[in-house]
Amino acid sequence: MKKPFVHPYIPNSVPATKQAMLREIGLNDVEEIYAEIPERLRFKGRLDIPEPILAERDLERHVKGLLDKNTSCEEFLNFCGAGCWQHYVPAVVDEVINRAEFLSAYCGGDYSDLGKYQARFEFNSQLGELLDLDGVANPIYDWGDVAGRSFRMASRITGRKRVLYPRTMSPMRLAEARTLCQPEIMPTHIKLEAVDYDPATGCIDPADLRRKLGADVAAVYFENPGYLGFIEANAAEIVQAAHAAGALAINGVDPITLGVLAPPGAIGADIACGDIQPLGMHMHAGGGCSGFIAFRDDDPIFAQECPLELYTLLETVVPGEYAIGEAIAERTSYGLRDQGKDWVGTASGLWTIAAAVYMTVMGPQGFKEVGETCIARSHYAADRLGQIPGVAIKLSPAFFKEFVVNFDGAGKTVAEVNKKLLAKGIFGGKDLSAEFPELGQSALYCVTEYYDQADVDELASALKEVLA
Amino acid sequence: MSDHPENDTAAKLERLATLCRDGGVLRDYHAPRWNEPLIMEQSVPGERGICVPLAEPEVTDAVGDPHAFIPAGLRRTEAPALPEIAQHQALRHYLRLSQQTLGMDLGSDIGEGTCTMKYSPKLHEELIRSHKAADLHPLQDEDTLQGLLEIVYNCGEYLKAISGMEAITLQPGGGSHAVYTNACAMRAYFADKGELPHRNEMITTIFSHPCDAATPAVAGFKVITVMPDANGYPDLEAVKAAVSERTAGCMITNPEDTGIYNPRIDEYVEVIHDAGGLCFTDQANANGILGIARARDAGFDACHFNLHKTFSSPHGCEGPATGAYLVADKLAPFLPVPLVGCDGTRYFLDYDRPLSIGRVRGFLGNWMGVIRAYAWIRNMGPDGLREVAEISVLNNNYLDRLLLGIRGVSRPYAEGHRRLDQVRYSLEQLKEDTGVGTEAIRDRMIDFGIQSYWMSHHPWVVPEPFTPEPCETYSKADLDEWAAVIKKASDEAYETPDTVTSAPHSQPIGQMRRLEALEDPKEWAFTWRAYQRKIKARS
């Protein structure tokens with residue numbers, strides 16, 4: 001007879017326990033419960049998956065062996081960002097989010113999981129300070145997702161069906177937004193239309209924006225910094241033009257810039273969206289991304305049409321004590337199913353706690369300094385790379401941490417350059433040649449506070465050798 | 001130590017059972033109570049939590065003032081009012097908040113039905129925190145991501161075997177996101193066949209998760225919701241009446257939130273297929289059917305799994321999560337890009353998919369969850385997965401036995417039929433008898449160190465609902481304790497109802513009041529700055 005196996009994660013796999021429980025419910029075998037599933041719908045075979053690796057040490061060896069085939073950004077220098085950026089993650093951030101209580105909690109109640117809700121409220125509050133906006137919702141999947149949701153939100157608020165976006169927008173983000181705004185064949189489709197950019201700077205062309213604005217435009221979306229790294233110099237003008245046309249202004253923003261860049265609220269944006277990944281998340285091959293939506297709260301329509309969960313401070317029977325509750329919950333898909341505002345679901349709760357801790361330890365001084373370091377080192381890098389024969393730095397010289405490096409003068413493709421850099425232990429910039437053919441053989445390079453002058457110098461010498 | 005562990009186990013069970021009968025397993029619990037102010041209230045001007053790297057003098061000399069690169073109107077003029085606080089004080093604050101979070105590792109999350117609160121092995125956390133997993137850029141050369149791609153590819157193969165489906169994407173960032181992906185894939189399928197926009201109706205059931213209704217609506221479908229028949233099964237006649245040449249498909253759960261397995265599910269699938277529609281089953285709660293029944297075998301064209309539920313990822317205060325979306329061949333061309341492929345020796349990302357819906361998420365997805373699911377499946381093997389399912393349904397039926405013996409508790413629908421992994425109970429009788437409803441009981445049970453239960457999705461078709469899901473993680477003693485807590489709260493409702501209605505009594509804060517602030521634009525405050533502006537300015 002086969003020896004019964006007791007699994008460490010399944011206490012009731014002990015035969016005596018099983019028997020005692022079956023006896024209690026008057027059954028001889030679990031199969032009697034599965035009699036609820038008709039024979040024709042039962043799976044008769046044995047699942048075609050590998051036999052178990054039971055010992056924890058053996059499993060560790062096996063999975064580590066697979067992960068060891070990866071090369072990480074701790075082993076190589078990484079100058080690729082493009083929407084997932086390598087910033088330093090303070091140890092204290094990891095310490096907090098690895099706490100068992102936060103790691104393992106789900107949707108427990110307002111009292112029993114109070115700490116989770118308070119951390120969430122503190123995240124919203126701190127991000128609100130960075131953005132200069134009063135309304136911040138509970139983040140969800142990533143920037144592209146919240147861009148699409150912001151477009152839908154603006155369309156509901158204005159009753160209009162066209163959204164203008166910069167042609168330099170990240171094609172990946174745009175693809176997510178397009179999925180959310182539906183193909184043209186659907187009657188409820190929202191039309192997304194690109195606004196041209198100034199080829200010298202990358203910034204939105206105000207004349208083209210004015211041409212494309214009209215009474216059917218729900219929102220004008222702009223990014224600051226843009227996907228291609230530059231600071232959108234025409235931000236104020238874009239907001240004014242949108243408002244003059246009765247449209248909303250949506251500011252896509254990388255929040256780590258906001259110690260030094262003007263925040264969406266100050267620029268006059270109605271809605272802001274972006275990714276909190278730079279605020280204390282490891283990259284996790286993109287899994288560190290998480291998208292936020294924030295908005296003005298001087299008109300309740302913004303909160304009412306926001307698709308994501310909102311939390312507010314409440315009182316308790318104890319004077320001076322705070323509770324946190326979900327506000328206007330009825331409007332979400334949990335309240336109204338298909339009549340709700342888009343949908344909500346398990347999103348990125350742990351990342352919001354990481355970002356809360358990050359914003360706390362950084363404080364106003366940390367954000368100012370990280371901004372200054374990103375600008376200084378990325379500009380230093382651009383200067384060094386720009387001196388290499390055959391290399392040109394493209395678009396506006398006003399950038400935060402990313403910039404476009406062109407190799408046309410060297411007669412090399414980005415793919416060739418990156419392969420050779422890889423051999424030297426460097427991940428080169430994101431290849432833009434397919435996304436923006438008009439930029440030729442260009443790559444988007446990223447230099448953050450994570451890498452120091454010596455790292456940048458190493459990149460410059462490697463590139464010089466590669467292009468020689 | 002005894003030579004007869006089984007005898008010891010039996011003795012222990014007997015002792016626990018006695019304790020349970022006497023109410024002795026109830027804990028004298030009190031949650032940590034730190035009276036912890038908001039972090040914004042703890043700011044001390046000048047303090048800081050960390051030093052960040054500063055540009056080297058040579059760098060600064062070369063580039064000058066960094067602010068000069070920012071166009072004049074776009075410089076930040078006022079520093080953000082973030083807290084200024086030293087590192088220990090910041091850490092201590094968040095640790096206190098963590099202590100004021102019960103969480104699953106410390107508590108007993110049997111009550112959080114539809115959430116499958118199973119144990120998440122600690123080894124997995126070590127694996128995903130390694131720089132070989134955490135510090136990878138998604139756009140790295142594929143040659144430097146071979147280990148990750150191999151894990152994801154193989155995990156996909158296992159999930160295909162478990163569901164019987166033929167293709168998979170692991171891009172969605174959660175269960176509802178995978179369900180949304182399905183709505184988009186079905187939309188693309190009918191667009192490709194030239195049947196849009198007229199085939200624009202999606203059928204779901206009221207006991208299917210709200211996302212099965214909400215996400216097809218976002219995708220542009222008109223949603224038809226079928227109510228249950230007298231036995232709690234989705235009404236087959238209503239489905240037949242709902243289908244037409246406009247039917248794009250159905251998006252339904254089985255077993256539904258009620259835990260009732262619909263034994264005629266293949267007939268529903270046939271009705272939809274006969275009308276030219278496609279069938280998706282929401283398998284957020286697949287724990288009771290692993291190795292027992294497969295979606296494809298019931299005729300479904302697509303299904304999904306939540307890797308943070310059935311496949312062990314920790315829930316992380318509601319994410320990040322991973323949705324696995326699986327399809328039959330006919331829907332495979334429409335999956336989002338990129339997919340992970342293998343040419344026999346090398347793993348690669350496949351972007352060359354002209355009929356793809358495009359993207360639902362940036363980059364690759366939340367593959368932390370895939371690494372964990374891979375490790376968990378490898379640890380379980382085929383027999384282990386089946387054991388998970390069997391113990392889940394055994395636990396559920398054992399708890400069911402205990403709960404139905406408690407005054408005021410009933411289990412609507414499908415009399416004489418067993419439930420699989422979870423049950424939706426009703427406290428309607430308790431409410432009628434005592435005036436104490438399910439929300440009050442929920443807020444009382446936490447006084448015993450047990451996580452508050454999940455009541456129900458809206459609308460409450462079952463009155464005064466609660467929905468436990470005692471998955472394989474929980475021991476018999478855990479189940480006994482959970483039932484004892486519900487019994488205690490029920491007894492109190494009948495004998496000293498004020499004890500329940502004034503609960504909770506042992507939590508970090510007292511009972512919440514003035515809930516009208518949740519709905520009032522003049523009072524709601526989504527951030528501290530809004531609170532200061534709205535509330536403090538008024539008082």
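This is a predicted model: local features need pLDDT of at least 70, side-chain atom pairs count only at pLDDT 80 or more; totals for chains, interfaces and linings use all residues.

Biologist: Got it. At what angle do helices α8 and α9 of chain B pack?

Modeller: Helix α8 (residues 175-192) and helix α9 (residues 211-218) of chain B pack at about 45°, and their axes are 8 Å apart. By the rule above, α8(B) and α9(B) are therefore oblique to each other.

Biologist: And is their crossing left-handed or right-handed?

Modeller: α8(B) and α9(B) make a right-handed crossing.

Biologist: Which residues meet there?

Modeller: From α8(B) come B:Ser176, B:Val179, B:Tyr180 and B:Ala183, and they meet B:Cys211, B:Asp212, B:Thr215, B:Pro216 and B:Val218 of α9(B). The contact of α8(B) with α9(B) has 6 nonpolar residues, 2 polar and 1 charged.

Biologist: Nice. What about sheets? What is the strand order in the open sheet of 7 strands in chain B?

Modeller: The order is β1-β7-β6-β5-β4-β2-β3, with mixed pairing. At the edges are β1 (167-169) and β3 (222-226) of chain B, each of which pairs on one side only. From one strand to the next, the twist averages 20°.

Biologist: Remind me, how do strands of a sheet pair?

Modeller: They do it through backbone hydrogen bonds, either parallel or antiparallel.

Biologist: Which helix lies across β1, β6 and β7 of chain B?

Modeller: That is helix α7 (residues 146-163) of chain B, which runs at about 60° to β7(B).

Biologist: Changing topic: how many residues of chain B are in contact with chain A?

Modeller: 188 residues of chain B are in contact with 188 residues of chain A. On the chain B side, helix α12 (residues 367-403) gives the largest share, 21 residues. That side of chain B divides into 104 nonpolar, 51 polar and 33 charged residues.

Biologist: At what angle do α13 of chain A and α3 of chain B pack?

Modeller: Helix α13 (residues 349-386) of chain A and helix α3 (residues 87-99) of chain B pack at about 160°, with axes 10 Å apart. α13(A) and α3(B) are therefore roughly antiparallel to each other. In their contact, A:Val357, A:Thr360 and A:Val361 meet B:Gln87, B:Ala90 and B:Tyr94. The residues there are 4 nonpolar, 2 polar and no charged.

Biologist: And which strand of chain B does β9 of chain A join?

Modeller: Strand β9 (residues 310-316) of chain A is joined by 2 bridges to strand β12 (residues 512-513) of chain B, and they run antiparallel. There, A:Thr316 stands opposite B:Met512. The open sheet has 3 strands in the order β10(A)-β9(A)-β12(B), with antiparallel pairing.

Biologist: Why is one side of β10(A) left without a neighbour in the sheet?

Modeller: β10 (322-327) of chain A and β12 of chain B stand at the edges, each with a single partner strand, so one side of each has no neighbour in the sheet. Helix α5 (residues 114-131) of chain A packs on this sheet, touching β9 and β10 of chain A.

Definitions and conventions: Residues are numbered from 1 along each chain as its sequence is written. Chains are lettered from A and ligands numbered from 1 in the order in which they are written. Axes are lines fitted to C-alpha atoms, for helices over the stretch in contact, and angles run from 0 to 180 degrees between N-to-C directions. Helices (H or I, at least four residues) and strands (E, at least two) are DSSP runs, numbered from the N terminus. Angles under 35 degrees count as roughly parallel, over 145 as roughly antiparallel, 65 to 115 as roughly perpendicular and the rest as oblique. Two residues are in contact if their C-beta atoms, placed from the backbone, lie within 7 Å. Ala, Val, Leu, Ile, Met, Phe, Trp, Tyr, Cys and Pro count as nonpolar, Asp, Glu, Lys and Arg as charged, and the others, Gly among them, as polar. Two strands pair if DSSP finds at least two bridges between them. A crossing is left-handed if the near helix is turned anticlockwise from the far one by less than a right angle, and right-handed if clockwise.
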